[in-house]
Amino acid sequence: PKSTIVITSRPSAGVQQHTQPDCHINITGFSEEHVEQYVQRYFSIMGKPDQAEVLLTALKENQLAMDLIHVPIFLLYVCILWDETELGTIGLTGTMTGLYSNLLTDLVRKYCKREGVDMSTDGLPADVADALLQLGKLALEALLRNETMIDFTEVKKANMNEELLLKLGVVSKEMSASRLHPRKQLNFSHKTMQEFLAGRYAAHAVVDQDIVELLQLTSISNALELSNLLQF
């Protein structure tokens with residue numbers, strides 16, 4: 001009854017470094033059986049049950065992809081991409097960067113189709129690319145403050161096209177939890193999406209800026225906290 005339980009979704013949260021827990025429990029994610037059940041149910045709901053076996057076969061031939069999809073959110077993204085792109089064009093690179101890059105391209109493609117915007121085969125439309133880089137900058141600044149939401153005041157200061165970003169689906173609009181001072185905020189679909197966009201911006205910014213200074217990598221603990229971003 002007097003036990004203290006600390007629950008975190010991230011190994012880099014610092015529990016092991018700053019405390020001495022008596023028991024450490026790790027969530028291992030989906031087993032191969034769970035993966036198969038999830039894929040079969042997903043495509044059954046989508047009315048394409050035959051595609052489940054096709055995707056599962058493709059995944060089993062890519063060990064790196066198999067390692068990723070034990071995390072449920074990554075498996076969902078793989079199913080979405082497989083369902084919404086032509087077979088064989090999903091680009092199962094087996095890396096988080098490849099997966100999220102393909103997902104982002106798919107989101108932009110759907111946005112362009114809805115809005116009647118031409119999408120070049122060479123890259124993203126200029127206004128979309130600019131908006132995503134601006135969002136990536138704010139995503140990085142928020143991560144460095146250990147925050148997962150962006151206040152609309154920051155969005156306005158950056159003169160960002162928030163409506164475009166909302167239509168893309170990478171963020172949603174929410175109100176802060178404060179009842180006394182409620183504020184409009186942008187919330188990422190998942191923290192890994194925030195890290196991906198921040199990493200995307202960092203990769204662009206390091207051309208002119210030192211990465212240690214940009215990411216404030218002043219200690220090993222700082223690097224561990226940003227380990228997912230550094231993978232992107």
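Author: We begin with strand pairing. Two strands pair if DSSP finds at least two bridges between them. Here five bridges join strand 2 to strand 3 (residues 184-188), and the two run antiparallel. Val171, for instance, has Phe188 in strand 3 as its bridge partner. Keep in mind that this is a predicted model.

Reader: What holds paired strands together in general?

Author: Strands of a sheet pair through backbone hydrogen bonds, either parallel or antiparallel. In this model, three strands form an open sheet with antiparallel pairing, in the order 1-3-2. Strand 1 (149-151) and strand 2 (171-175) are the edge strands, since each pairs on one side only. On average, neighbouring strands of this sheet are turned by 35 degrees against each other, direction ignored.

Reader: Which helix lies across strand 1, strand 2 and strand 3?

Author: Helix 7 does, running at about 110 degrees to strand 1.

Reader: How many helices are there in the protein?

Author: The protein has 13 helices, along with three strands.

Reader: Why does the span of helix 7 agree with its number of residues?

Author: Count 1.5 Å a residue, over one less than the number of residues. Helix 7 (residues 126-144) has 19 residues and should therefore span 27 Å; its end C-alpha atoms are 27 Å apart, which agrees.

Reader: Which residues of helix 7 are buried?

Author: First the general idea. An α-helix has 3.6 residues a turn, so residues three or four places apart point the same way. Now the case here. The buried residues of helix 7 include Val128, Ala131, Leu132, Leu135, Leu138, Ala139 and Ala142. In helix 6, the buried residues include Met96, Leu99, Tyr100, Leu103, Leu104, Leu107, Val108 and Tyr111. For the protein, buried residues make up 37% of the 232 residues.

Reader: How many aromatic pairs does the structure hold?

Author: There are four aromatic pairs. The rings of Phe30 and Tyr38 have their centres 5.9 Å apart and their planes at 45 degrees, so this pair is tilted. The pair of Tyr42 and Phe43 is edge-to-face, with 5.0 Å from centre to centre and 75 degrees between the planes. Ring pairs also link Tyr77, Tyr100 and Phe196 into a cluster.

Reader: Is Phe43 buried or exposed?

Author: The cut-off needed here is this: buried means under 20% relative accessible area. Phe43 has a relative accessible area of 0%, so Phe43 is buried. Tyr42, at 14%, is buried as well. Phe30 has 22% and is therefore partly exposed. Tyr38 counts as partly exposed because its relative accessibility is 25%.

Reader: What can be said about the contacts and the surface of the protein?

Author: Take contacts with a separation of 6 or more: residues 24 or more positions apart account for 59% of them. The accessible surface of the protein comes to about 14,200 Å², and 53% of that belongs to carbon and sulfur atoms.

Terms used
Residues numbered from 1 in each chain as written. Predicted model: local features only at pLDDT ≥ 70, side-chain atom pairs only at ≥ 80, totals over all residues. Heavy atoms only, no water. Helix = DSSP H or I, 4+ residues; strand = E, 2+ residues; numbered from the N terminus. Buried < 20%, exposed > 50% of the residue type's maximum accessible area, 1.4 Å probe, protein only. Contact = heavy atoms within 4.5 Å. Areas by Shrake-Rupley, 256 points an atom, 1.4 Å probe, with all protein chains shown as cover. Phe/Tyr/Trp six-rings, centres within 6.5 Å; stacked < 30°, edge-to-face > 60°. Axes fitted to C-alpha atoms, helices over the stretch in contact; angles between N-to-C directions.
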